[in-house]
Amino acid sequence: MKLESSVIAPRSTVLSTRAGLGWGLLGVVAFSFTLPFTRIAIDGFSPLFIGAGRAVVAALLAGIALTATRQRIPTRAQWGRLAVVAGGVVAGFPLLTSFAMTTTPASHGAVVVGLLPAATAVAVVLRTGERPNRSFWVFAILGAVAAVVFAALQNGGLGSLTTADLLLFGAVLAAAIGYAEGGLLARELGSWQTVSWALVVAAPLMGVLTVVSAIQQPPAANPVQWLAFGYLAAVSMFLGFFAWYRGLAIGPMAQVSQIQLVQPVMSIAWAALLLHEPIGWATAVGGFAVILCAALAVRTRLKDRPRTERPPREEES
């Protein structure tokens, strides 16, 4: 009996790791369409309507799912943490990227957002109190510098960052905080429950913003733009997080977060395919530099991280 147990345990660990990576990859594929589809939708909607309206639609879906499955109400402390998740991934990232996409190509945005894996790793380090070695911080800073230099050079030279670039950097910071807190909270509430409750928390504010934006600039979208908006609401804002937080909850979180490194590559490819955006050498080199630094930062943290990660909730296994 003991021998049988010792054989089965490693297999379970391998399967669990593969499951975490698989769910994480599914989430990243879903997210990789976000910037290109935002660029498509922006011609038919105001950026405020896109950023807030998609959260309202997703909140309606979340409310139905939570009610139908009779999920337990979060504790007072968890409500506060859900507010952090909502501020980062429900309000911050969608609104900031929507406004940024009004003036910058999706491929340009994808390179800047390529900082997200390293930023998420930094947020997790600060949130959990880990102490990675100096190399982690060096690579994380180099990644940020590479993104800033890329953005500045594409806008005409150093010192010429645009408002769109600042919005994108703000979006990365917001998403990193939301991802880190959401990944930890998913182990207590469950993966899809975490994003669903976060959507519910943000629903009143986002509902008001949606109404205001619709009054100020009524939607004038064609069917393709409505489809793009529908994807942003149902997949980027809701279903994609089912997979992403599920992967983070299974973990190991540091390994799963590395999958984000392929997201900017996918987004650039979709921008070229769907929007016919030219992918020049500057975008290719800039993307490579940002992704390389992010990969080194995440891998450095992975080697040094303490092995204290907990499995997801039993009903999620």
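**Figure 1. Salt bridge between Glu 181 and Arg 81 in the predicted model.** The side chains of Glu 181 and Arg 81 form a salt bridge with an N to O distance of 2.7 Å. A salt bridge is defined here as a side-chain nitrogen of Lys or Arg within 4 Å of a carboxyl oxygen of Asp or Glu. The pair joins distant parts of the chain, with Glu 181 in helix H8 (residues 163-189) and Arg 81 in helix H4 (residues 76-100), 100 residues apart. Helices (H or I, at least four residues) and strands (E, at least two) are DSSP runs, numbered from the N terminus. Glu 181 and Arg 81 are both buried. Buried denotes under 20% relative accessible area, exposed over 50%, and partly exposed the range in between (1.4 Å probe, protein chains only). This is a predicted model, in which local features need pLDDT of at least 70 and side-chain atom pairs count only at pLDDT 80 or more, while totals for chains, interfaces and linings use all residues. Residues are numbered from 1 along each chain as its sequence is written, and side-chain values use heavy atoms, with hydrogens and water left out.

**Figure 2. Salt bridge between Arg 81 and Glu 188.** Here the side chain of Arg 81 meets that of Glu 188 at 2.8 Å, N to O. Arg 81 of helix H4 and Glu 188 of helix H8 are 107 residues apart, and the pair links distant parts of the chain. Arg 81 counts as buried because its relative accessible area is 18%. Glu 188, at 23% relative accessibility, is partly exposed.

Figure 3. The side chains of Glu 181 and Arg 127 meet at 2.5 Å, N to O. This pair also links distant parts of the chain: Glu 181 lies in helix H8 and Arg 127 in helix H6 (residues 116-128), 54 residues apart. Glu 181 is classed as buried because its relative accessibility is 7%, whereas Arg 127, at 39%, is partly exposed. A network of salt bridges connects Arg 81, Arg 127, Glu 181 and Glu 188. The structure holds three salt bridges.

Figure 4. Arg 54 belongs to helix H3 (residues 47-69). This residue is buried but has no salt bridge; the nearest side chain of opposite charge is that of Asp 43, 14 Å away. For charge, Lys and Arg count as positive and Asp and Glu as negative, with His and the chain ends not counted. Apart from neighbours within four places in sequence, the contacts of Arg 54 include Thr 34, Thr 38, Pro 94, Ser 98, Phe 229 and Met 237. Contact means heavy atoms within 4.5 Å.

**Figure 5. Packing of helix H5 against helix H12.** Helix H5 (residues 106-113) and helix H12 (residues 263-275) pack with their axes 8 Å apart, at an angle of about 180°. H5 is therefore roughly antiparallel to H12. Axes are lines fitted to C-alpha atoms, for helices over the stretch in contact, and angles run from 0 to 180 degrees between N-to-C directions. Angles under 35 degrees count as roughly parallel, over 145 as roughly antiparallel, 65 to 115 as roughly perpendicular and the rest as oblique. H5 contributes Ala 106, Ser 107, Ala 110 and Val 111 to the contact, and H12 contributes Pro 264, Ser 267, Ile 268, Ala 271 and Leu 275.
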